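Here is a report on the structure shown next.

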Amino acid sequence: MSKHSWTLTDLASRTWMEEFSVALTGTGDATGRIDKYTLRGGISDGVDVVEIHNGRLSLALLPTRGMGLWKGSCEGLALGWNSPVEHPVHPAFVDVHDRGGIGWLTGFNEWLCRCGLEANGPPGDGVTLHGRVANLPAHHVRVSVDTSGPGTIEVQGVVDEAILFGPRLRLTSTLTTTLGSATFSIRDEVTNLAGHEADLQLLYHTQFGAPFLEAGSQIELPARQVVPRDPRAAEGVSGWNRFLGPTAGYAEQVYYFQPVADAQGQTHALLRNAAGSCGVSLKYRPRELPCFALWKNTQAVADGYCTGLEPATNFPNPKAFERTQGRVVRLAPGESRVFHLEFEIHATAAGVQSAQKQIAQLQPGTVVVSATPQPGWSPAGS
Amino acid sequence: MSKHSWTLTDLASRTWMEEFSVALTGTGDATGRIDKYTLRGGISDGVDVVEIHNGRLSLALLPTRGMGLWKGSCEGLALGWNSPVEHPVHPAFVDVHDRGGIGWLTGFNEWLCRCGLEANGPPGDGVTLHGRVANLPAHHVRVSVDTSGPGTIEVQGVVDEAILFGPRLRLTSTLTTTLGSATFSIRDEVTNLAGHEADLQLLYHTQFGAPFLEAGSQIELPARQVVPRDPRAAEGVSGWNRFLGPTAGYAEQVYYFQPVADAQGQTHALLRNAAGSCGVSLKYRPRELPCFALWKNTQAVADGYCTGLEPATNFPNPKAFERTQGRVVRLAPGESRVFHLEFEIHATAAGVQSAQKQIAQLQPGTVVVSATPQPGWSPAGS
Amino acid sequence: MSKHSWTLTDLASRTWMEEFSVALTGTGDATGRIDKYTLRGGISDGVDVVEIHNGRLSLALLPTRGMGLWKGSCEGLALGWNSPVEHPVHPAFVDVHDRGGIGWLTGFNEWLCRCGLEANGPPGDGVTLHGRVANLPAHHVRVSVDTSGPGTIEVQGVVDEAILFGPRLRLTSTLTTTLGSATFSIRDEVTNLAGHEADLQLLYHTQFGAPFLEAGSQIELPARQVVPRDPRAAEGVSGWNRFLGPTAGYAEQVYYFQPVADAQGQTHALLRNAAGSCGVSLKYRPRELPCFALWKNTQAVADGYCTGLEPATNFPNPKAFERTQGRVVRLAPGESRVFHLEFEIHATAAGVQSAQKQIAQLQPGTVVVSATPQPGWSPAGS
């Protein structure tokens with residue numbers, strides 16, 4: 001009786017739960033719950049939300065938006081950012097062709113969303129900014145709990161990106177957390193269901209605002225080289241790891257990295273506030289996601305003050321450029337790739353310091369900070 | 001107990017009323033009612049409608065389409081037109097990029113809709129015909145009544161037009177009417193929620209067909225100059241203020257005006273039928289809406305026989321042209337502009353004559369009717 | 001009491017049946033039923049389905065997708081194909097401008113869908129691939145039964161394709177079947193509701209996979225000439241009427257025909273499996289639909305192994321080319337065109353042979369198989 005599973009959505013079997021709610025406890029003190037509801041009205045009309053609460057950490061997932069993570073909170077710390085787009089946007093209201101192919105931004109509101117699956121990066125060559133997956137709803141959504149141990153919650157969604165004469169890619173995304181914990185993990189599997197070889201580009205667009213981001217916040221991540229994407233990023237390269245407070249008129253700066261992994265193949269990026277009293281760790285495997293883009297977007301709060309931590313299969317350059325650099329994954333028919341991410345929220349200085357220690361151990365002795373864009377890293381360097 | 005307010009939609013608090021109905025009376029004889037429902041099926045599936053009846057005048061508002069006014073009637077007189085698009089269109093079925101950027105017209109069905117907020121006018125420079133606002137749903141809708149006096153009904157909706165790296169404009173639209181009255185007013189406030197300066201262009205696209213429009217109908221409005229938009233309009237400039245009956249193959253003619261205000265800052269346009277036995281007055285403030293376009297579209301009835309009365313912040317020329325003429329409003333961060341419109345329906349000759357008298361008082365002694373497009377007024381004049 | 005009719009959707013009168021179910025019997029043994037439901041979740045969220053079962057044949061219609069036929073089955077034989085797009089797609093999730101105007105393919109999943117009404121064929125000249133109608137929902141849906149005789153089921157839907165300053169075309173589609181029968185018929189009427197002359201292009205895109213399509217399947221149809229659309233089709237012209245099994249990397253081949261009619265004005269195309277033990281007949285009137293395209297798409301199963309039988313008013317060439325060939329129908333204001341199709345499913349060799357006999361009688365003594373594209377047939381021949 002300790003394992004339960006509920007299918008909230010399954011298009012193939014015409015399964016659909018308009019609303020869903022369950023509470024759970026494990027062997028510890030923490031109480032968790034899972035709620036599913038649908039937003040009504042405005043540009044969110046019809047957006048399904050699966051909220052999970054593990055007793056310490058809350059997360060809101062969006063099956064309607066490619067299993068993106070809308071927002072969350074942990075011990076009172078807000079996870080996410082305040083996009084100028086205030087509410088989650090139903091894909092019906094997103095016209096990706098707006099403004100020369102960057103209409104994706106009219107729906108960009110999540111804490112974590114995926115860019116892909118066939119392509120990400122700027123518009124061009126018949127694709128629009130950051131691809132289709134963030135605007136595709138899951139046709140299968142299942143929640144599972146296991147209360148035999150400390151209590152775990154799992155949410156799985158399946159999203160297909162398909163077209164005749166083109167890609168047929170399936171994302172199976174599984175998010176897991178344990179009652180009372182400040183961590184959660186994501187396991188994404190992308191499968192080429194087509195009968196032909198297919199491209200795969202996947203980028204995790206993960207945004208943070210206050211309280212993790214503020215004047216003096218820092219990012220720490222182990223890498224041998226820091227490369228500015230373009231001349232604008234080059235202007236600020238000496239302070240690449242420190243953040244400004246909200247700055248009206250700030251133009252984004254993006255830095256590229258190839259992070260270093262530990263013996264188990266994992267790397268670790270930490271965003272922490274100025275005092276080092278709170279932070280977020282993002283752990284993943286460079287073998288799966290070799291490229292990391294740091295998006296510094298410290299505009300005015302009203303304009304979406306945030307920073308983006310973006311592990312990916314590629315850098316968010318034009319796909320044609322990435323292809324010349326061998327950074328477009330090719331999947332054989334039936335082939336899959338798996339991607340693992342783990343988030344840990346630190347609500348104390350001790351937690352932050354512990355993360356810093358881990359990262360310091362991975363940090364190469366010498367770090368090259370390139371003053372200018374570099375060949376092979378971005379078109380501006382070529 | 002005489003003031004009541006109901007929130008029909010509020011995305012932020014997850015408030016949603018699937019259906020709503022209320023009747024009211026004031027100190028007079030008239031009985032009013034407010035009904036909210038959602039259309040189902042066809043291209044209207046999911047379109048919310050708020051209908052208000054003040055005992056004399058009926059109005060149907062469309063929160064799903066930027067708080068547009070779908071249609072109305074007053075003492076048996078139909079308000080609106082018969083668009084070739086027969087039903088109100090859910091934005092999900094509108095592809096604004098169709099036909100080179102004029103897909104907006106596949107959703108154009110309302111009596112009154114707004115064109116804006118960032119831009120209106122023809123497609124170009126990354127924007128599509130008449131902008132986004134008519135295809136954006138309100139995330140907040142509230143109806144209020146006050147029955148302490150004659151009885152008033154108010155409907156307020158809030159619509160956001162936002163994108164990262166672009167405009168973040170909020171329209172708060174309030175429509176008010178009094179029980180037993182043949183008038184209603186609209187107060188629109190547009191606020192720049194962004195942290196940067198922003199463009200604002202707003203045009204009220206207000207269409208009338210029968211019975212107000214027929215062969216011999218006239219428009220009266222006080223202005224010093226009548227300017228044809230283009231050579232086609234120039235062909236008919238001598239009869240600019242008189243309308244044809246339905247005319248198969250008629251190509252639209254558009255005239256531009258800068259209306260004259262009275263001492264209180266208000267101007268007045270009247271559309272009346274041939275006999276002068278019925279008409280509609282539109283009053284607004286040229287300080288808020290300095291430009292007026294008259295759209296003569298007396299095509300066959302099947303093709304959407306109508307005329308459009310279009311007060312606006314600008315003329316519906318390409319935005320780049322309007323910018324060179326100083327007719328693009330710039331809003332500082334946090335700045336708002338307010339726009340007031342008042343409609344009065346005249347069901348009698350006496351009402352029409354009274355309106356005519358008012359307009360005559362404002363009419364300058366000399367009116368210049370330009371035979372050709374004029375510099376500064378439209379690209380064709382430059 | 002033997003005739004009943006139910007309106008499932010009527011936007012004008014605000015009629016809407018969320019769900020509907022009825023069973024019927026006629027004077028024979030067969031029992032039929034009609035069910036209406038709405039799909040929820042994924043890219044099918046909000047798609048209405050009308051399923052009819054005549055005791056032998058099942059059909060699923062999609063009012064939300066222009067009255068397309070999603071799928072069917074007859075005596076255990078599947079009607080339709082397995083598109084890489086696995087589920088019927090709500091038009092809100094189709095962006096027709098994707099990939100240079102072929103985004104229609106992201107919604108292409110049906111057994112039978114219509115291409116038109118203003119245009120079909122490749123994107124260009126302001127229209128996107130295969131036009132609008134497959135992504136337009138019916139605003140009126142009615143089911144009727146007559147149980148006085150053997151028992152008939154009729155489903156009628158009305159779909160409007162309209163825009164100001166453009167076409168205003170109405171499709172009234174009626175599908176009829178009789179209890180216990182292996183046939184059904186479609187009668188489509190397209191009316192020009194505009195006040196001006198209008199273009200009409202209509203193509204029936206009808207796909208079959210297994211069991212009708214397999215290695216060695218053949219198509220039989222009476223025509224004087226077989227014309228390859230382009231060099232790729234020319235490569236396989238000698239085997240134009242035979243099909244490969246699933247073939248990874250197969251590039252589509254399309255052949256054009258002007259089928260021959262019988263004395264009653266009807267023609268007959270048969271797709272049958274290799275053994276001739278099952279098949280599907282498609283009968284229609286060349287006077288109504290003079291052009292027939294055979295789409296050979298024997299790709300891998302995962303990529304949508306199928307063949308398309310495509311009777312049409314025109315060949316699916318660029319519309320400008322079709323216009324030069326006089327193959328764009330012009331409708332006067334108020335004018336209608338009617339199109340009749342009849343499908344018969346053969347579950348036995350005897351049925352297949354009977355169809356073959358009929359076709360053989362129509363087959364001209366000499367058939368010209370053109371080795372190359374021909375002038376007037378396609379741009380590649382010109």
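## Strands, helix and interfaces

In chain C, Asn297(C) stands opposite Cys306(C) of β22(C). This is a predicted model, in which local features need pLDDT of at least 70, side-chain atom pairs count only at pLDDT 80 or more, and totals for chains, interfaces and linings use all residues. Residues are numbered from 1 along each chain as its sequence is written, while chains are lettered from A and ligands numbered from 1 in the order in which they are written.

Some terms come first. Helices (H or I, at least four residues) and strands (E, at least two) are DSSP runs, numbered from the N terminus. Two strands pair if DSSP finds at least two bridges between them. Strands of a sheet pair through backbone hydrogen bonds, either parallel or antiparallel.

**Strand β21 of chain C.** Seven bridges link β21(C) to β22 (residues 306–312) of chain C, and the two run antiparallel. Strand β18 (residues 253–257) of chain C is joined to β21(C) by five bridges, also antiparallel. There, Tyr255(C) has Leu294(C) as its bridge partner. How much of β21(C) is buried? Six of the seven residues of β21 (residues 291–297) are buried, so the strand is mostly covered. Here a residue is buried if 20 or more other C-beta atoms lie within 10 Å of its own, exposed if 12 or fewer, and partly exposed in between; C-beta atoms are placed from the backbone.

**The sheet in chain A.** Ten strands of chain A form an open, antiparallel sheet, ordered β2-β1-β10-β11-β12-β13-β24-β20-β19-β16. Its edge strands are β2 (15–16) and β16 (218–220) of chain A, each pairing on one side only. Helix α4 (residues 349–362) of chain A packs on this sheet. The helix touches β16, β19, β20 and β24 (336–346) of chain A, and its direction makes about 140° with that of β19(A). Axes are lines fitted to C-alpha atoms, for helices over the stretch in contact, and angles run from 0 to 180 degrees between N-to-C directions. Strands β19 (residues 267–272) and β20 (residues 279–284) of chain A run antiparallel and share six bridges. Thr267(A) is bridged to Tyr284(A) in β20(A).

**The sheet in chain B.** Ten strands of chain B form an open antiparallel sheet in the order β2-β1-β10-β11-β12-β13-β24-β20-β19-β16. Strands β2 (15–16) and β16 of chain B are at the edges with a single partner strand each, so one side of each has no neighbour in the sheet. Three bridges pair β16(B) with β19(B) in the antiparallel sense. Ile219(B) is opposite Leu271(B) in β19(B).

**Helix α4 of chain B.** This helix (residues 349–362) has 14 residues. From first C-alpha to last, α4(B) reaches 20 Å, close to the 20 Å expected at 1.5 Å a residue; the expected span is 1.5 Å times one less than the number of residues. Which residues of α4(B) are buried? They are Gly351(B), Val352(B), Ala355(B) and Ile359(B). Seen down the axis of α4(B), the buried residues fall within an arc of 100°, so they line one face of the helix. The arc is that of the directions from the helix axis to the C-beta atoms. On the other side of α4(B), Ala350(B), Lys357(B), Ala360(B) and Gln361(B) are exposed. The cover over the buried residues includes β16 (218–220), β19 (267–272), β20 (279–284) and β24 (336–346) of chain B. α4(B) runs at about 140° to β19(B).

The contacts below leave out residues up to four places away in sequence.

| Residue | Loop | C-beta atoms within 10 Å | Contacts |
|---|---|---|---|
| Asn241(B) | α2 (231–235) to β18 (253–257) | 16, partly exposed | Gln218(B), Ile219(B), Glu220(B) |

Asn241(B) and Phe339(B) are 98 residues apart in sequence and 26 Å apart in space, C-alpha to C-alpha. For Gly149(B) and Trp240(B), the values are 91 residues and 43 Å, C-alpha to C-alpha.

**Between chains.** 25 residues of chain B are in contact with 29 residues of chain A. That side of chain B divides into 15 nonpolar, seven polar and three charged residues. 24 residues of chain A are in contact with 29 residues of chain C. By class, this side of chain A has 15 nonpolar, seven polar and two charged residues. Ala, Val, Leu, Ile, Met, Phe, Trp, Tyr, Cys and Pro count as nonpolar, Asp, Glu, Lys and Arg as charged, and the others, Gly among them, as polar.

How values were computed. Contact = placed C-beta atoms within 7 Å.
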